[in-house]
Structures are given as C-alpha cells and as structure tokens.
Amino acid sequence: MLDLARIAAVVRKDVRSELRNRYSINALAMFVVTAVATILFALRSESPGPASLSGMYWVVVFFSAMSGLARVFVSEEERGTALTLQLTTSSGVLFAGKLAVNVALTMLLTAAVTALYLIAFPTFVLRTPETFLLTVIFGSIGFASASTILAAIIAKANSRGTLYPVLAFPVLIPLLMTVMSATERALEGEPLAAAAGDLQVLVGYCLIMIAGSFLLFDFVWSE
Amino acid sequence: MNHVRLKLTDLQKRYNRRTIFQQIGADVTGPGSLAIVGRNGSGKSTLAKIIAGVLSPTSGSVHLEVGGSEIKREVRHRSIGFVAPYLTLYDEFTAVENIVILESMRNGRAPAQADVEAWLEEMGLAARRHERVGTFSSGMKQRVKYATALIHRPALLILDEPTANLDEDGARFVEKVVQRQSGSGIVVVATNESHEAAWCRSRIELGTR
C-alpha cells in the first residue's frame, strides 16, 4: 500500500541529496544555458515564428531532461545504494517518490527554459498563458513519468548514457508532438478551447504512463 | 517480541544454466538463530538476499511469519534488519541523517532522537554522529549499518559476514547483538567463520551437494 509519509521521506532524501551533490541540477542548468545560447547564435537576428519557437522550446526541454532525469536511479546504482533502498522501502513507494522528484525537477526546468525564452526571444509571447501553463504542467508530468521508468530500466544496463535518449525518444514522440502543438496554439493566441484536444491527449498520456510504470516498476527494480 | 517463524522450502537458485544451490530448507521458530555456511561462491549472500526478499528464488519459497501473520515479500523490509559489507550508506549524509532518513523511508516516521543517540553511543560513534559518512572508515560505516538495521527492532535480523571490517570491540558487539536477537526474534548469520557459525543453534551448509 502506498503511504504518503514514506513517499515524502523518499522525496526528502532525494532533495537533500541533490542539494548536497548537485547531480541533476547542475547538468540541467548547464544544458539549458548552452542549448539556448547555441540557438541564439544560430538565429542571429532572425525572428522565428510560433511553430519554430515551440519546437525549439521542447527540444531544449527534451535534451535537458535526458541529461538530468535519469540520475534518480542511475546515481543509486552507481553509488551502490540501490540494495539499501530495496531493503528499506517498497517498490511502489520508491517509484512514487522518485516520480515526484522528477516532476519537480522537470517543472523547475520548464520554468527556467520559459524565463530564458521570454528574455532571449522577443517573439516568444504567451498570448494564451492558461493554455501554456496547462501544457507545461501536463507536459512536465508526462516527461517525468516516462523518464522515471526509463531511468529505472537503463540504470540496470551497462551503456547508460547512450541508451537513455535512444529508448526515451520513441516513448516520448506522442508527448512531444502534442506539447509542441499546444505550445504553438498558446503562442499564436488561440483560445484555450482550441487546445482542448491536445490537453486531453496529454492527460491521457500521463495517466497511461503512470499506471503502466507502477505495474512495471517492481519487475524492473527487484532483480 | 511477537512470535516469529522463518520457513525456507526447497529453495533453488540458478543463474543462467549454473545452479548456485538447490533443495535448501529450514524451519526456525523464534527465539532462534540460523547460520548459513559454505565455501566462497557457494551462494551464502544470494540466500541471505532471497530471505530478505530482494532476490527471487528460481524455485521454492520463503515464509516469514510475525505475530501469527504472514509477512508478504513486498513489505518484508519492515520486519527485517540487514547488515552486509556490500551494503552502501549515503556518503553525503551524516551518521544521524543516514539512520533517520532510512528509518523514515522504512516506517514513514523518524525514529526518536534519543533512540538514535543511544544506538550511536552503543556503536561508539557518538562523537562523530554529525560527520558525513563519506569521511568514515569501512569499520565505522559497518557500525552505522548496524544502527540502521537495529533501530526498528526487527523480528528477523540477517547478517552477511557480520564482523567484516570490524575491530575486536566491534566483533564482540556483533556477538552480543546475535545473542540478544536470538533471544527475542530470529537472527540469520551468513559466514565463512566457524566461530561465528557457532553463535547459532541451527545451520544450513551450502556447496555440500
């Protein structure tokens, strides 16, 4: 049975560990800054439209997430603390805690990318902020849920660095297409109702991914 | 302490085509103790992990009963303590933090501060309780592992190579822990050392078939 107090303890452990080691935050911050700077250098004085901006926004989020989110499980395997966790908490509690940490990290990441885009790109104007906000929230949850179960899988593999984006890309294609479409609508100023279809897909993706992950995680984690 | 029973039935473990052990059985009722002995590579640690519920046997079953109720594998960690040299603590946390964090994850609440202090005092680590475990020697880390394993007063205590990395004082402490646990619950000791195996009342010998 899932227990909120135990899940909170897993989250507190990861947050405290992250604040001391900066395994993920530094990787995410470095990637966001270099990716946005590279885009700026490439564009020079050009002003990209909503479709390009939306695509570039989620490309930065995708690759930044790939560089940071896998750490939740990979660092436990690398440090040898995976067995300690297995002997301390149930797989359901552990997955819920790690998922919560990754959701928080992804939301932090999207907030940072949004702030940088608003500063760097004059044409990045959130004409329908409510659509953008909902897209970012459900997009972050979707990203985090897919990334968390994939992180658990690749943490058990030898070639972790290369395997993660390769495995994640096909799983995240439906999510990427949907968040790009919804973000484009938000930048173009279409009303929230116009993005209803995209948001429904996002909610469905999150539910399927989280439910599937909970069912699968014990098999991935236990042996 | 509640009534405790550990029953191993016809356990077998295979990795690929290699059989590590087979037809392993035991029935221990607490208060009691069980030694797992055998040469290197005979599967002592594997059997200890199977009993702890972190590895599955290829066939056979582990039945742990506490207070008349069967403890399912998913929640077995709440009723056991496990100490082994290959178990790793969080280097970035202090000794107190390791104990509090691991116990909070196990039981959903932090242990009483007085209990934590008392265990660290008994382990001889009171003076360094607020130092990061990463700065500790392997013997000191082993002592912290004992504190994390014992603080919730487990019904079943599993010790794999119990005195590894410990000095004479530490080894005497472990013997005391084994005596105390075998008087209140069940202790399983996986060891190569004959004098450590002699602490236990029953034994499983691996690698004899």
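User: Quick one to start. Are A:Phe95 and A:Phe217 buried or exposed?

Analyst: A:Phe95 is buried, and A:Phe217 is buried too. Keep in mind that this is a predicted model.

User: How do the rings of A:Phe95 and A:Phe217 sit relative to each other?

Analyst: They form a tilted aromatic pair. The centres are 5.1 Å apart, with 45° between the planes.

User: Which helices do A:Phe95 and A:Phe217 lie in?

Analyst: A:Phe95 is in helix α6 of chain A, residues 91–120. A:Phe217 is in helix α9 of chain A, residues 196–222. So the pair ties together parts that are 122 residues apart in sequence.

User: What about A:Tyr117 and A:Phe121?

Analyst: That aromatic pair is tilted as well, at 4.8 Å centre to centre and 55° between the planes. A:Tyr117 has 0% relative accessibility, so it counts as buried. A:Phe121 is buried at 4%.

User: Which cluster do they belong to?

Analyst: Ring pairs link them into a cluster with other residues, including A:Tyr57, A:Trp58, A:Phe62 and A:Phe169.

User: How many aromatic pairs are there over all chains?

Analyst: The count is 19.

User: Switching to chain B. What is the strand order in the open sheet?

Analyst: It has five strands in the order β6-β7-β8-β3-β9, with parallel pairing. The edge strands are β6 (80–83) and β9 (202–205), each pairing on one side only. From one strand to the next, the twist averages 15°.

User: How many bridges join β7 and β8 of chain B?

Analyst: Five, between β7 (residues 156–160) and β8 (residues 186–191). B:Asp160 stands opposite B:Ala190, which is in β8.

User: Which helix lies across those strands?

Analyst: Helix α1 of chain B, residues 44–52. It lies across β3, β6, β7, β8 and β9 of chain B. Relative to β7, helix α1 runs at about 160°.

User: Now B:Arg106. Where is it found?

Analyst: In helix α2 of chain B, residues 95–107.

User: Buried or exposed?

Analyst: B:Arg106 is buried, because its relative accessibility is 5% and the cut-off for buried is under 20%.

User: Which side chains make polar contacts with B:Arg106?

Analyst: The side chain of B:Glu103 makes one at 2.7 Å. The side chain of B:His152 makes another at 3.1 Å.

User: Which chain A residues is B:Arg106 in contact with?

Analyst: A:Arg6, A:Leu87 and A:Thr88. In chain B, its contacts beyond four places in sequence include B:His77, B:Ile80 and B:Thr148.

Key:
Residues numbered from 1 in each chain as written. Chains lettered and ligands numbered in written order. Predicted model: local features only at pLDDT ≥ 70, side-chain atom pairs only at ≥ 80, totals over all residues. Heavy atoms only, no water. Pairing = 2+ DSSP bridges. Helix = DSSP H or I, 4+ residues; strand = E, 2+ residues; numbered from the N terminus. Axes fitted to C-alpha atoms, helices over the stretch in contact; angles between N-to-C directions. Contact = heavy atoms within 4.5 Å. Buried < 20%, exposed > 50% of the residue type's maximum accessible area, 1.4 Å probe, protein only. Polar contact = N/O pair within 3.5 Å; in protein donor to acceptor, adjacent residues only side chain to side chain. Phe/Tyr/Trp six-rings, centres within 6.5 Å; stacked < 30°, edge-to-face > 60°.
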